[in-house]
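Student: I would like to go through some of the terms used for this structure. Please set each value against its criterion.

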Amino acid sequence: MKINAFALIFIMLCIVALSSCSRVKPWVKPYERQNIADPIMDFSRDPVADAYLSHVHEAREGASGADGGAGGGCGCN
Amino acid sequence: MAREVVVVVIKKMNKFLLTSLVLCVAAVYPVTAAVLPDERVDVMEHSYDGGGIQVSGPSILVRKNVGSAVSLSANYYVDMVSSASIDVLASASRYSEERIQKSVGMDYMHDRTTYSLGYITSDEKDYQAKTYSFGVSQTFFGDLTTLGFDFGLGQDVVGRNIKGVPDPTFHLDKERRTYSANLSQILTKNWIAELNVESGSDACLHMQQGQSCLNNPYRGYSYLQNGVRALLPEKYPLTHNTDAVSLRTMYHLPYSASIRGEVRGFTDSWGVKAHNEEIRYVQDFKKDLLLEVKYRVYRQTAADFYSDLFPYKDAQNYMARDKELSPFSSKSVGVGLTYKFPWNIAGFEKSTANLYWDHMSINYDDFRDYANFLKAKLPAGGYKPGEEPLYAMDADVIRFYLSFWF
Amino acid sequence: MLNISALKKIAGLTALFLSSSVFAAEAAPDFTLKSSTGENVRLAEQRGQVVMLNFWASWCGPCREEMPLLDSISKKYGKMGFVLYGINVEQDNNDAKKMLKDLGVSFTILFDPESKLSSLYNVDAMPTSVMIDKKGNIRYIDRGFDFKKGDDEKYRKQIMELVRE
């Protein structure tokens with residue numbers, strides 16, 4: 001009897017866990033994305049310009065990486 | 001007793017289940033149609049002027065979608081360099097150089113996953129680089145979260161010019177690897193954030209003892225000999241490992257403007273530690289004029305083997321006098337204007353003209369301005385080696401470009 | 001040793017969990033919204049006609065792409081007892097009004113600036129099209145739009161089926 005109860009609890013926990021994983025409700029609805037879709041909210045609004053400035057920084061500074069620029073090699077040292 | 005406990009547990013489970021179901025019950029399985037990036041052409045003229053170096057040239061980017069799943073891009077970029085920088089003056093005279101960089105990329109979008117491939121080549125008389133990159137990214141929670149991983153492999157050949165002509169005996173092979181992970185998140189309907197982690201490792205291949213591929217072959221380290229500065233070629237390690245982390249965030253203000261902040265930390269196997277912070281504000285005026293203002297600060301410490309002046313020849317195993325490995329801080333301000341053309345040009349959906357100006361100001365804490373005094377008149381008594389004024393420079397970066405969306 | 005009522009509760013909750021609150025074969029929730037021409041439009045008054053609700057926004061690429069198609073669908077099937085309502089979900093509808101002026105669509109546009117209708121219909125993708133039959137029941141929910149996936153044909157098939165009933 002006790003085993004049946006635990007089995008049921010286990011099944012319920014599985015259902016809840018699986019349901020949570022696949023059904024987390026997006027808390028920003030698709031129809032609320034007006035501001036997010038605004039070009040001024042785009043991290044890469046000007047990809048060519050950003051890549052160039054990132055290249056200038058990498059050439060003049062000792063740090064590199066994690067700055068949104070694509071890494072290509074150059075003899076700029 | 002046990003029976004009552006189990007019954008109570010089941011009743012509590014029901015409550016728990018009910019609560020989770022209340023959260024889940026209205027959730028229909030999210031289905032979003034992920035959209036490919038905008039198709040566009042960007043034509044830019046860039047210009048850098050600072051510290052005795054002028055570099056300018058074009059950069060052209062084309063992005064085109066094929067079907068509803070593939071996005072292709074290609075970039076052609078040129079640096080035309082005219083340099084009489086402090087490094088150059090220390091051991092040579094003004095030179096001119098041209099570097100051509102070409103790259104192609106492909107993104108393939110399937111359901112919520114995007115696969116990316118890229119290839120970049122860079123060619124100049126004394127340096128050829130090829131970089132291959134591969135990336136995967138996945139969106140979750142109805143596009144609110146994106147997690148991506150990127151890998152890059154670079155194969156470079158380092159050369160050296162003698163009086164403007166490549167030295168046929170000087171060929172060093174260098175391999176660069178980068179690994180990065182990024183997580184971007186829509187936090188609220190006005191707020192987004194992105195976390196980036198990147199590690200890199202550079203290594204010299206097929207090396208004989210002594211000659212590293214990681215330093216500038218024209219630069220020398222400075223050491224004290226009989227009370228004056230003497231110069232010998234730099235000695236660098238054969239490997240370089242880097243780690244960087246950055247966090248950026250952007251917030252949409254209650255009117256048509258956004259504010260953005262970014263911080264990045266860096267550390268490497270040469271002892272350099274750096275961090276930079278940046279803040280940007282963009283405002284949209286009547287939808288055809290954008291104004292952007294930016295402020296950035298950067299600070300770094302010295303590499304373990306850096307010195308402005310070594311006490312004698314071969315003082316250490318590794319010795320460098322690259323100012324980019326010296327301790328320094330820099331501040332830059334930037335301002336940019338974007339104008340959207342009100343009429344449709346040649347069938348393009350949207351076109352803009354953009355002008356950005358950035359002014360950088362760098363102060364070196366342990367790099368002395370001795371080269372500029374080599375040929376100039378010294379003050380009475382001169383400067384003793386190691387007591388020359390610290391070097392400082394300003395640079396202006398101008399980007400002018402036209403963008404066309406189709 | 002387990003009480004039957006607990007079991008029934010579990011079964012009921014599981015059934016509830018496997019469902020969603022707005023889905024096909026359910027009565028379409030009634031609403032009243034203001035149109036772009038200023039008059040109020042109420043869903044319940046359209047009973048007897050096939051109603052298509054298309055949730056769109058000016059910042060949504062696929063929504064812009066399907067506008068001309070929606071216009072021709074509205075003209076073609078409008079004579080067969082069909083009405084199309086474009087529901088604009090933007091909080092600030094200046095961009096939407098400008099887009100409508102540029103595109104010049106002929107079907108009725110309703111504004112839902114406070115997202116009341118979007119949350120009532122659990123809109124979870126942009127664009128979303130809801131097909132409601134003559135009896136006022138939701139029959140199809142189409143999420144997203146892509147010409148290359150044949151979504152235009154899908155609209156036509158669904159409308160033809162409902163109009164013939």
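Tutor: This is a predicted model. In chain C, α2(C) passes α5(C) in a right-handed crossing.

Student: What makes the crossing of α2(C) and α5(C) right-handed?

Tutor: A crossing is right-handed if the near helix is turned clockwise from the far one by less than a right angle. α2(C) and α5(C) meet that criterion. The residues in contact are L69(C), I73(C) and Y77(C) on α2(C), with D152(C), Y155(C), I159(C) and V163(C) on α5(C).

Student: How do you know what class the residues in the contact of α2(C) with α5(C) belong to?

Tutor: Leu, Ile, Tyr and Val count as nonpolar, and Asp counts as charged. The contact therefore has 6 nonpolar residues, no polar ones and 1 charged residue.

Student: At what angle do helix α2 (residues 61-77) of chain C and helix α5 (residues 151-163) of chain C pack?

Tutor: The angle is about 20°, and the axes are 11 Å apart. Angles under 35 degrees count as roughly parallel, so α2(C) is roughly parallel to α5(C).

Student: How many helices and strands does chain C have, and in what pattern?

Tutor: Chain C has 5 helices and 7 strands. Along the sequence they follow the pattern α-β-β-β-α-β-α-β-α-β-β-α.

Student: What share of the residues of chain C count as buried?

Tutor: A residue is buried if 20 or more other C-beta atoms lie within 10 Å of its own. In chain C, 32% of the 165 residues count as buried. For chain A, the figure is 47% of 77 residues. The secondary structure of chain A comes to 2 helices and 0 strands.

Student: Why are strand β14 (residues 239-252) of chain B and strand β15 (residues 257-268) of chain B said to pair?

Tutor: Pairing needs at least two bridges. β14(B) and β15(B) are joined by 11 bridges, so they count as paired, and they run antiparallel. One of the bridges has T242(B) with D268(B) in β15(B) as its partner. β14(B) and β15(B) form a hairpin, with 4 residues between them.

Student: How do you know that β15(B) pairs with strand β16 (residues 273-285) of chain B?

Tutor: The criterion is again at least two bridges. β15(B) and β16(B) have 11 bridges, in the antiparallel sense, so they pair. The bridge partner of S258(B) in β16(B) is V282(B).

Student: Which residue in the turn between β15(B) and β16(B) has a positive phi?

Tutor: G271(B) does, with a phi of about 95°. β15(B) and β16(B) form a hairpin with 4 residues between them.

Technical notes: Residues are numbered from 1 along each chain as its sequence is written. Chains are lettered from A and ligands numbered from 1 in the order in which they are written. This is a predicted model: local features need pLDDT of at least 70, side-chain atom pairs count only at pLDDT 80 or more; totals for chains, interfaces and linings use all residues. Axes are lines fitted to C-alpha atoms, for helices over the stretch in contact, and angles run from 0 to 180 degrees between N-to-C directions. Angles under 35 degrees count as roughly parallel, over 145 as roughly antiparallel, 65 to 115 as roughly perpendicular and the rest as oblique. Two residues are in contact if their C-beta atoms, placed from the backbone, lie within 7 Å. A residue is buried if 20 or more other C-beta atoms lie within 10 Å of its own, exposed if 12 or fewer, and partly exposed in between; C-beta atoms are placed from the backbone.
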